[in-house]
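Colleague: I have a new model open and would like a short tour of its ligand sites. Start with any term I need.

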Amino acid sequence: MSNVETTTRDGIRARFASALSDMYQKEVPQYGKLLEIVSTINQETQDRLGATQDIQKRVEVERHGAIRLGTAQELATIRRLFAIMGMQPVGYYDLTIAGLPVHATGFRPLTSDALQSNPFRVFVSLLRQEQIRDETLRAKAADIMSKRNIFTPRCLELIDEIESCSEIPASTAQEFIAEALETFRWHETTTVDLATYKSLEAAHPLIADIVSFRGPHINHLTPRVLDIDAAQTAMQRSGLKTKDVIEGPPPRKWPILLRQTSFLALEEQIAFSNGREGNGKHRARFGEIEQRGMALTRKGRDLYDRLLAISQKTVAKPTGESSANVQPRILAQCFAGFPDDLKTIREEGLAYLKYTVREPDHISQPLLDVDVLIESGVLACEPIIYEDFLPASAAGIFQSNLRGGCSAIDKTVSDQDTLEKALGCAVYDEFGLYEKVEQESRANCLQRLGLSSD
Ligand code: OOG
Ligand code: NI
């Protein structure tokens, strides 16, 4: 084995993300246009703010995507597929609260090093089949999905093979990437006939999208942008039809969590019954951009959720003005309650921060108090970037891309257990991951200063 060229999970992820981006660019040319806009804005913003090389390198390739799966079996295999690329399920997102018959997790790398190497993530939703109210239709949907295999036979073999490797040969990895890509490809034909498609769509458009096709086409890829307000304007100027408002918090000096906007899903030609019944139309695929800010602690997140809920209630009151005008103003007013300077954010414990040693020599006496070390300039801190998703924003993105009115679904209790059983493992708690990065950075600093933290 010694002469065989091998590769790493980080390397496979980077190459897979790049191959997927190339494929999606060919499938949806507007996505290519979006990449150009984002790249220009990022360049301008970096020039203006003087971004570090680390940020430049990361942002250039940073993307997330999304797929929607139908069965527990599909989710269990997708977990194994993503594990090969060093991606693990983080967080639980219940979307039934927003009237959508799915729940979800985000697959992503876990450590700072892996994220810096390539931060590719995928939002994976799973259909909650019990949300198909009509029993006959529910049984039919289950039957249709039990007959499909969203992975190529060779992909399944390669997953088995790579799982048992201590080192992954580069040639095996290359073949795996090509086979895995097939699961994410768009199909212009459905496996179901028009009548079935219509009944699934009547139950919920998302159900038709999940059940009708041979595979869970990637429905968007999202590049990260450093100034989303500038990018939204540039998108509109270039003729892309965007959502009215940007999801998430308002613009801030110290950005928090995630702000997202998208261009609306395309109406695409499809043919039913494996191509025998032509002239259908389907909406699933769109383009999205996002700006990432700092990861909030539970305390910070509670404050965020509270302020967002107040702003949503206020926006919902009719004023006669369009939401594109009202929403940003109300959002900004409500979020005046969220401190926007790093000192207060740190003192109130609202966000996770990474500590570094700035002036080791400034230390005059052994002080263990990080606050004092920050005040005296010995330590510096910077925000830890939020690497996950937001359920309310995800719901907004889903809804803006679904055609027509949807029949109501049950606002059931969230069901993390069922999702985890389907996955075959627990999802990682995102707060725990950020906390670990913060604590390690503090411990490193204290050690460098010769101050033990215990
Ligand atoms: C996923 C929508 C959620 C995000 O960025 O929050 C999402 C979907 O439409 O399948 O991608
Ligand atoms: Ni997205």
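Modeller: On a 1 Å grid over the protein atoms alone, a cavity is a set of points where a 1.4 Å probe fits but cannot get out. A molecule sits in a cavity if more than half of its atoms lie within 2 Å of its grid points. The space taken by ligand 1 is the largest cavity. This is a predicted model, where local features need pLDDT of at least 70, side-chain atom pairs count only at pLDDT 80 or more, and totals for chains, interfaces and linings use all residues. Residues are numbered from 1 along each chain as written, chains are lettered from A and ligands numbered from 1 in written order, and side-chain values use heavy atoms, without hydrogens and water.

Colleague: Which residues are around ligand 1?

Modeller: They are His64, Ala66, Arg68, Phe123, Asn219, His220, Gln260, Phe286, Glu288, Phe389, Ala394 and Phe398, counted as near if a heavy atom lies within 4 Å. Strand S2 (63–69) gives the most, three residues.

Colleague: Which side chains have a polar atom by an oxygen of ligand 1?

Modeller: Among them are Arg68 at 2.7 Å, Asn219 at 2.9 Å and Glu288 at 3.2 Å; a polar contact is a pair of N or O atoms within 3.5 Å. Taken alone, ligand 1 exposes 320 Å², and the protein buries 100% of that, by the Shrake-Rupley method with a 1.4 Å probe.

Colleague: Changing topic, what coordinates the nickel ion?

Modeller: The nickel ion (ligand 2) is coordinated at 2.1 Å by His64 (NE2), His220 (NE2) and Glu288 (OE). Donors are N, O and S atoms within 2.8 Å of the metal (3.2 Å for Na, K and Ca), and sites may look incomplete because water is not among the atoms.

Colleague: What spacing do those donors follow along the chain?

Modeller: The spacing is H-x155-H-x67-E. His220 in strand S7 (residues 220–223) and Glu288 in strand S11 (residues 287–292) are 68 residues apart; strands are DSSP runs (E, at least two residues), numbered from the N terminus.

Conventions
Polar contact = N/O pair within 3.5 Å; in protein donor to acceptor, adjacent residues only side chain to side chain. 1 Å grid on protein atoms, 1.4 Å probe; cavity = no way out; pocket = protein on both sides within 12 Å on 5 of 7 lines; lining within 4 Å. Helix = DSSP H or I, 4+ residues; strand = E, 2+ residues; numbered from the N terminus.
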